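Take a walk through this model, one region after another. Keep the sequence and the coordinates open as you read.

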Amino acid sequence: MTDNIETDVVIIGAGPVGLFAVFELGLLDIKCHLIDILPKIGGQCAELYPEKPIYDIPGFPMVTGQGLVDNLMAQIEPFHPSFHLNEMVESVEPLGTPEAPLFRVKTDAGTTFTCKALIIAAGGGSFLPKKPPIDNIEAYEGTGVFYAVRHMHMFKDKKVLIVGGGDSALDWTVNLQPLAKRLTLLHRRDVFRAAPHTVEKMRSLVAASEMDLHLGQVVELKGEAPLLESVVIRRDDNTTFEVECDVMLPFFGLTMKLGPIADWGLNLRENLIPVDTEKFETSVPGIFAIGDINTYPGKLKLILSGFHEGALAAQKVHRYVYPEKKLLFQYTTSSSSLQKKLGVAA
Ligand code: FAD
């Protein structure tokens with residue numbers, strides 16, 4: 001399906017900094033769409049440390065990673081931002097002029113956006129799956145090998161092999177087991193790093209013969225690519241055995257790579273995007289970079305720095321979106337028009 005969406009601003013990255021930018025843009029009547037490659041909102045806070053306490057968010061003596069994301073979502077709710085999750089921005093094409101920028105943004109899911117300004121809040125870049133070192137694995141990707149579960153129904157009535165011992169591997173084991181024709185979990189050793197209650201649930205399914213658990217490592221994929229038929233597994237003692245499967249889901253964690261951002265014609269410095277510190281604009285007028293992805297003298301990769309950068313970028317974005325309007329500085333405490341936008345006016 002190809003969508004064509006016209007909006008004021010596209011924000012790449014739904015991490016904490018992209019989320020707060022929605023708030024600052026919303027106060028200035030600027031509409032935006034957010035795109036994130038991950039299936040959930042919250043960037044590093046939600047993906048890497050949802051339960052860890054953060055102590056340096058102004059006004060919160062302590063808030064967890066997920067708690068911060070939940071509060072940011074509540075704060076931007078009045079502006080009804082649109083989220084496009086599970087989509088990676090692949091290309092950015094400039095269509096306008098430096099004075100009146102216009103961009104066409106395309107994702108790997110085929111969604112196309114036209115926008116007057118682009119905010120890159122892409123953190124360390126895209127989270128990409130770590131791949132197991134198996135010969136020819138690429139030939140099976142997308143048909144027999146998947147690194148994420150985008151739609152559970154794809155695995156209905158399939159012989160599914162999940163590989164890994166962390167939260168993702170164990171969560172998907174218990175979630176896909178009822179759907180799959182037969183589910184097998186494979187891990188190098190009989191110790192799991194996942195939440196104890198999920199491990200317990202998995203063990204009870206094994207005890208009831210409702211799924212299989214094997215120890216070892218996949219060393220070979222069999223079947224005429226891209227169709228997978230079975231995998232060869234090597235045990236610690238070097239003996240091997242074969243397990244039939246239609247799909248293999250390896251969950252070996254995520255690594256961060258800059259990804260397609262490197263191809264968008266921006267000046268880059270050590271995989272970061274240099275910006276000015278007045279507007280946080282890049283070398284391309286109309287494209288802004290905020291949060292962990294940018295660099296400037298004295299930059300601190302802190303969430304609070306990204307919040308400040310979003311507020312200042314929004315001021316300049318306003319000039320591109322409403323070139324004829326003068327921007328008045330206002331406080332949310334005292335401006336009834338801002339309070340109306342937030343739905344809190346008396
Ligand atoms: P991110 O949170 O990285 O979000 C960027 C998003 O962009 C990601 O979701 C990614 O999937 C998406 N993306 C990237 N490229 C694309 C693309 N091409 N298309 C679509 N989507 C894309 N900071 C603090 O201030 N205080 C702390 O105590 C603190 N503790 C931390 C503890 C840990 C363990 C870690 C790892 C970090 C910690 N940080 C802390 C750092 C903080 O998490 C980051 O500064 C913050 O997440 C940056 O926010 P961001 O929105 O810029 O980027």
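The buried residues of helix α4 (residues 167-176) are Ala169, Leu170, Thr173, Val174 and Leu176. Buried means under 20% relative accessible area, exposed means over 50%, and partly exposed lies in between, with a 1.4 Å probe and protein chains only. Helices (H or I, at least four residues) and strands (E, at least two) are DSSP runs, numbered from the N terminus. The model is a predicted one: local features need pLDDT of at least 70, side-chain atom pairs count only at pLDDT 80 or more, and totals for chains, interfaces and linings use all residues. Residues are numbered from 1 along each chain as its sequence is written, and side-chain values use heavy atoms, with hydrogens and water left out.

What do the buried residues of α4 pack against? Their partners are β10 (159-163), β11 (182-187), α5 (196-207) and β16 (247-250). Contact here means heavy atoms within 4.5 Å. Helix α5 holds Thr198. Thr198 counts as buried because its relative accessibility is 5%. Its neighbours within four places in sequence aside, Thr198 is in contact with Leu170, Asp171 and Val174. Leu170 and Val174 are among the buried residues of α4.

**The protein as a whole**

The protein has seven helices and 20 strands. Its C-alpha trace spans about 75 × 40 × 40 Å along the principal axes. Of its 346 residues, 48% count as buried. Take the contacts between residues at least 6 apart in sequence: 58% of them join residues at least 24 apart. The accessible surface comes to about 17500 Å², and carbon and sulfur atoms account for 51% of it. Accessible areas come from the Shrake-Rupley method with a 1.4 Å probe; for residues, only the protein chains shown count as cover.

**Around the ligand**

Now turn to the ligand. How many residues surround the ligand? The shell has 32 residues, and the closest are Asp36, Gln44, Tyr49, Asp56 and Asp292. By class, the shell divides into 17 nonpolar, 10 polar and five charged residues. Ala, Val, Leu, Ile, Met, Phe, Trp, Tyr, Cys and Pro count as nonpolar, Asp, Glu, Lys and Arg as charged, and the others, Gly among them, as polar.

Which elements supply the shell? α1, β2, α2 (43-47) and β9 (126-129) each give at least two residues. α1 gives the most, with three.

The side chain of Gln44 has an N or O atom 2.8 Å from a ligand oxygen. For Ile303, a backbone N or O atom lies 2.9 Å from an oxygen of the ligand. For Val17, a backbone N or O atom lies 3.1 Å from a ligand oxygen. On its own, the ligand has 1000 Å² of accessible area, and the protein covers 87% of this.

**Salt bridges**

The last topic is charge pairing. The structure holds 13 salt bridges. A salt bridge is a side-chain nitrogen of Lys or Arg within 4 Å of a carboxyl oxygen of Asp or Glu.

Asp29 forms one with Lys341, and the closest N and O atoms are 3.4 Å apart. This pair links distant parts of the chain, 312 residues apart: Asp29 sits in the loop between α1 (16-27) and β2 (32-36), Lys341 in helix α7 (residues 336-341). Asp29 counts as partly exposed, at 34% relative accessibility. Lys341 is also partly exposed, at 25%.

Asp157 and Lys156 form another salt bridge, at 3.7 Å from N to O. Asp157 counts as exposed because its relative accessibility is 51%. Lys156, at 46%, counts as partly exposed.

Asp276 and Lys279 meet at 2.9 Å, N to O. Salt bridges link Asp276, Lys279, Glu281 and Lys316 in a network. Is Lys279 buried or exposed? At 19% relative accessibility, Lys279 counts as buried. Asp276, at 25%, is partly exposed.

Lys279 lies in the loop between β18 (273-274) and β19 (287-289). Neighbours within four places in sequence aside, Lys279 is in contact with Phe288, Leu312, Ala313 and Lys316. The C-alpha atoms of Lys279 and Ala311 are separated by 9.0 Å, with the two residues 32 apart along the chain.

Note on methods. A residue is near a molecule or strand if one of its heavy atoms lies within 4 Å of it. A polar contact is a pair of N or O atoms within 3.5 Å; within protein, one must be able to donate a hydrogen and the other to accept it, and residues adjacent in sequence count only if both atoms are side-chain atoms.
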